[in-house]
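Subject: Structure handover

Hello,

Here is the structure I promised to pass on. My notes follow below it.

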Amino acid sequence: MSQDTSKTELKERTQRLLDGPLKHVRAAALAAALLPLASIAVAPASAQTVAPCASGGTCGTVYTDTNNNSIIDVGDMPIEGATVTACVICNGTDNLAVTTDLNGFFQFPPGTPLPQMFSLYVMIPTGTSPSLLGPDNIGISNGAGFSVASVTLGSTPDNFGFVPTAVPQPGTGTPGYWKNHPEAWPVGSIMVGNVTYTKAQAISYLNKTGKDKTITMFQSLVSAMLSVMVGNDGSCINAAIGEGNTWLVANPLGSNVAGGSAAWASGSPIQSTLDAYDNGLLCAPHRQ
């Protein structure tokens with residue numbers, strides 16, 4: 001039997017398991033059912049000295065699959081302390097459990113009372129989801145907080161990969177957004193160019209128009225700072241925020257910097273970057 005055929009059959013068995021008696025088990029009940037039974041739980045992986053998967057034992061690695069390619073790459077971090085539960089009936093009466101060591105490794109050593117075919121469960125770590133099925137991930141979500149797989153005793157290492165889930169971003173806002181939505185401000189005051197402004201003072205400057213480029217810089221800078229404060233990715237704009245604040249220290253707000261001046265020649269590229277971020281054109285989306 002080819003390796004691909006074997007993987008396909010294991011996937012089908014896992015899906016049948018999910019569609020069968022476990023389909024209607026609630027998350028809380030399943031979590032309770034998978035708690036290790038003290039009378040049959042085996043030692044944590046870190047305490048085991050048996051060679052990996054030797055003589056029919058079952059083992060594997062639980063890891064963070066950073067790029068979701070289902071392969072343990074250089075840089076993928078092991079997940080220590082994950083509980084791996086093996087069971088057949090999976091109702092709490094036949095559970096065996098081990099814990100991953102600092103390398104993310106777990107093992108049910110030879111002699112562990114496991115049948116030829118059984119199920120493995122790993123609780124999905126917070127902030128992750130199971131990787132795509134592949135060479136180094138055999139598990140799929142059961143919808144109740146676990147990655148589950150149907151496995152054959154001692155066939156190959158049974159690895160479980162988990163990919164970090166993207167954190168939703170609220171989106172960036174332009175000066176027009178922030179001046180019209182004071183309730184969205186995460187702070188009551190803000191320091192810009194080494195000067196602290198109350199929300200009301202800052203909003204008054206967001207409402208100003210004219211040729212003074214210090215106001216233009218202030219408006220774009222405050223908008224970018226607030227967008228980062230509310231949880232947007234600031235990796236692409238933090239440097240420009242620092243540069244904008246430095247520029248306003250050298251050219252204080254209200255100092256009537258003209259558009260054709262040498263001061264604005266140095267400030268304009270900074271403001272353009274801030275404006276692009278405010279409009280959702282860089283590393284964070286625009287507010288919907």
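Met117 stands opposite Thr152, a residue of strand 8. This is a predicted model, so please read every value below as computed from it. Strand 5, residues 117-123, pairs with strand 8 over 7 bridges. The sense is antiparallel.

Strand 8 has another partner in strand 7. The two run antiparallel and are joined by 2 bridges. Strand 8 covers residues 146-152. Ile140 faces Val148 of strand 8 across this pairing. Ser141 stands opposite Ser147, again in strand 8. The hairpin of strand 7 and strand 8 has 4 residues between the strands. Gly143 in that hairpin takes a positive phi, near 80°.

Is strand 8 mostly covered or mostly open? It is mostly covered: 6 of its 7 residues are buried.

Next, the helices. Helix 5 runs over residues 213-229 and has 17 residues. At 1.5 Å a residue, helix 5 should span 24 Å. Its end C-alpha atoms are 24 Å apart, which agrees with that expectation. Helix 5 is mostly covered, with 13 of its 17 residues buried. Gly231 follows helix 5 and has a positive phi, near 115°.

Helix 5 packs against helix 6. The angle is about 145°, and the axes are 10 Å apart. The crossing of helix 5 and helix 6 is left-handed. On the helix 5 side, the contact is made by Lys213, Thr214, Met217, Phe218, Leu221, Ala224, Met225 and Val228. On the helix 6 side, it is made by Asn238, Ile241, Gly244, Asn245, Trp247 and Leu248.

Last, the cysteines. How many disulfides does the structure hold? It holds 2.

The link of Cys87 and Cys90 is right-handed, with 90° about the S-S bond. Both Cys87 and Cys90 are buried.

Another disulfide joins Cys236 to Cys283, at 2.0 Å from S to S. The link of Cys236 and Cys283 is left-handed, with -75° about the S-S bond. What does this pair tie together? Cys236 lies in the loop between helix 5 and helix 6 (238-250), and Cys283 lies in the segment after helix 7 (262-278). The pair therefore ties together parts that are 47 residues apart in sequence.

Are Cys236 and Cys283 buried or partly exposed? The cut-off for buried is under 20% relative accessible area. Cys236 has 32% relative accessibility, so it counts as partly exposed. Cys283 has 24%, so it also counts as partly exposed.

When you open the model, you could start with strand 8, which pairs with strand 5 and with strand 7. Then turn to helix 5, which packs against helix 6. The loop between these helices holds Cys236, which is joined to Cys283.

Best wishes

Note on methods. Residues are numbered from 1 along each chain as its sequence is written. This is a predicted model: local features need pLDDT of at least 70, side-chain atom pairs count only at pLDDT 80 or more; totals for chains, interfaces and linings use all residues. Side-chain values use heavy atoms; hydrogens and water are left out. The expected span of a helix is 1.5 Å times one less than its number of residues. Buried means under 20% relative accessible area, exposed over 50%, partly exposed in between (1.4 Å probe, protein chains only). A disulfide is a pair of cysteine sulfur atoms within 2.5 Å. Two strands pair if DSSP finds at least two bridges between them. Axes are lines fitted to C-alpha atoms, for helices over the stretch in contact, and angles run from 0 to 180 degrees between N-to-C directions. A crossing is left-handed if the near helix is turned anticlockwise from the far one by less than a right angle, and right-handed if clockwise. Contact means heavy atoms within 4.5 Å.
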